[in-house]
Amino acid sequence: MEAVCCNLEVDVNGEETFIVDKKIITSYSGRLSKLFGKSKATTRNLKVIFNDFPGGAECFELMSRFCYNNGKTQINPSNISLLHCAAQFMEMNNSVSGTNNLVEQTEKSLEEINYWTWPELLAALKQCQDLLPVENSSGVLQKCLDSLARRLALATEASPCPSNSPDSSGFRFSCDSKSTESLKSSLSRGTWWFEDLLILRPILVEKVVKSMVSQKLDHVIISRFLLYYQKSKFYTATPDEKRKVIETVIDTLYTLHGSSVSGKTLFGILRVSMTLNINKSSKKKLESMIGSQLDLATLDNLLVPSPYGINYLYDVNLVLRFLKAFMRGGISKVSGMRMGKVSRLMDLYIAEVAPDPCLKPSKFLALAMALPDSARNFHDELYCAVDMYLEVHAGLLEEEKMKICCALNYEKLSAEACLHLSQNKKFPSRSAVQALISQQYKLKSLLHGTNNSRSLTDSPSTSTEVRSKGKKDEASKQVVMYAGKLDISSESEKLTAHLQGMQWRVIELEKICRKMQTQMAKILKSRVSSHGHTRSLPKLCP
């Protein structure tokens, strides 16, 4: 038997120094073999210093045992990651040691990963985590992640399907689940692994979720795991650890389907993240997710206090970013129902921030005009908010007031709102005149329509065409005439009196329209019954 010489000193990361036989170690390590070359010096002691040996002293000892045991060692889930990293670092491949090479043996052991028990798989993952970032380039980590994701996907298919609601605290069950114990059992089958994965650090959680998504694991279940992970980790984490956890949760949720997490939950994450100074990328992703579900938000959700250093009472810039995310892709991408909900929500929000004396006119106007004109059917609520803002900011210049009034569509104001505006001294005179002229056109159109309806009643077969081209141009010309050449205050009073005198007429005209529509419907029905066919009659009222 050949004597063993201790002629090589190896310092591993400053943790521990090993004295080994240079010939034995170099016979398996391509790295050391290239380092020493063809040197015949066997009596002189040498020293090698490793500052970045993966796994440290424990890993080097395992690798040394393999070399001293003629290229044989027991490989199991608890040491496979260490051995594989050491083998790659020391270049223990076929070119040096023939068939007894550690790289090949660890890879062969990995082929049996599907037969590992769940605790063995978790132990291997934990070991991979301790070896990061070195282990990130090895195949062990990815194979462990894929195996874990496959098992969870199979377990989910075997258990009852998850609820489609991201707020659901459990899962849906079939009609066969008749007892509370069955319910608890089903819940346990769906979430039993949540607690087990708490051993993972944020960087590995992100990788685990990617594997889950690739295995088509339900996104609602994944999102619920992430929220559970965040809540559990926060109990003992430092502020810096909390920041890393919340950033990982946000970044990972962003990769899931939008409906997998509720808006209520996202606003909860927002409140937590505001105290942790998360990075800009994660903040932008969170705002984008919230913005995409803005139609499900409430006023309380939007009333977020301004950050330190901003004088506004509420964070208006944040809401503007939500709106930008909601409108991403254009108005054509948003349904009318969702747009209506957001417009009503914004009217409430604007009314809430209008009394803020520190809110600049430019920010108020940005809020008022953030949504397209088609988003609102009526502008009465917006008018009330503008009224409140002008009352609080009475010192604004006339030009600034006019800019704010540009957010109002006078044609979408009710008669009551127009009347109130005409008598409102807080508003510029030009806007009052423009509102009254707009209301006059509406009344004239209604009268014109009624007259046409009466003529149709006398002669049903006569077709009447209503022409209303150039109204806006005429209106703008009249505004210039009234504001520039006439006495605005006296003209406004005349128009106000005229409007008051016609209000009762509007009610009567509406009654007449409804009555005439009923009559025309009867006429049309009788003609259809008496003749086989008839030409269609024109619509009387809009």
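Which residue in the turn of the S1 and S2 hairpin has a positive phi? Asn13 does, at about 55°.

1. **Basis.** This is a predicted model: local features need pLDDT of at least 70, side-chain atom pairs count only at pLDDT 80 or more, and totals for chains, interfaces and linings use all residues. Residues are numbered from 1 along each chain as its sequence is written, and side-chain values use heavy atoms, with hydrogens and water left out.

2. **Confidence.** The protein chain has an average pLDDT (the predictor's confidence in each residue, from 0 to 100) of 79. A score of at least 70 is reached by 71% of the residues. Residues 459–488 fall below 50. That stretch still has 34 contacts (heavy atoms within 4.5 Å) beyond near neighbours in sequence. Residues 531–542 also stay under 50. Here the model has 19 contacts beyond four places in sequence. Where pLDDT is low, the predicted coordinates should not be read in detail.

3. **The sheet.** Helices (H or I, at least four residues) and strands (E, at least two) are DSSP runs, numbered from the N terminus. Strands count as paired if DSSP finds at least two bridges between them. An open sheet is built from 3 strands in the order S2-S1-S3, with mixed pairing. Strand S2 (16–20) and strand S3 (46–50) are the edges, each pairing on one side only. From one strand to the next the twist averages 20°.

4. **The hairpin.** S1 (residues 8–12) pairs with S2 in the antiparallel sense, over 5 bridges. The hairpin leaves 3 residues between the two strands.

5. Helix H3 (residues 56–68) lies across S1 and S2. Its direction is at about 10° to S2. For such angles, axes are lines fitted to C-alpha atoms, for helices over the stretch in contact; angles run from 0 to 180 degrees between N-to-C directions.

6. **H10 with H12.** Helix H10 (residues 202–214) and helix H12 (residues 239–253) have axes that come within 9 Å and cross at roughly 15°. H10 and H12 are therefore roughly parallel. Angles under 35 degrees count as roughly parallel, over 145 as roughly antiparallel, 65 to 115 as roughly perpendicular and the rest as oblique. The crossing is right-handed. A crossing is right-handed if the near helix is turned clockwise from the far one by less than a right angle, and left-handed if anticlockwise. From H10, Pro202, Glu206 and Val209 meet Lys244, Val245, Thr248, Asp251 and Thr252 of H12. The contact has 3 nonpolar, 2 polar and 3 charged residues. Ala, Val, Leu, Ile, Met, Phe, Trp, Tyr, Cys and Pro count as nonpolar, Asp, Glu, Lys and Arg as charged, and the others, Gly among them, as polar.

7. **H17 with H19.** The axes of helix H17 (residues 336–353) and helix H19 (residues 380–392) come within 8 Å, crossing at roughly 15°. H17 and H19 are therefore roughly parallel to each other. Their crossing is left-handed. Asp347, Ile350 and Ala351 of H17 contact Glu381, Leu382 and Ala385 of H19. By class there are 4 nonpolar, no polar and 2 charged residues.

8. **H18 with H20.** Helix H18 (residues 361–368) and helix H20 (residues 398–405) cross at roughly 15°, with axes that come within 9 Å. H18 and H20 are therefore roughly parallel to each other. The crossing of H18 and H20 is left-handed. Pro361, Phe364 and Leu365 in H18 meet Glu400, Lys403 and Ile404 in H20. This contact divides into 4 nonpolar, no polar and 2 charged residues.
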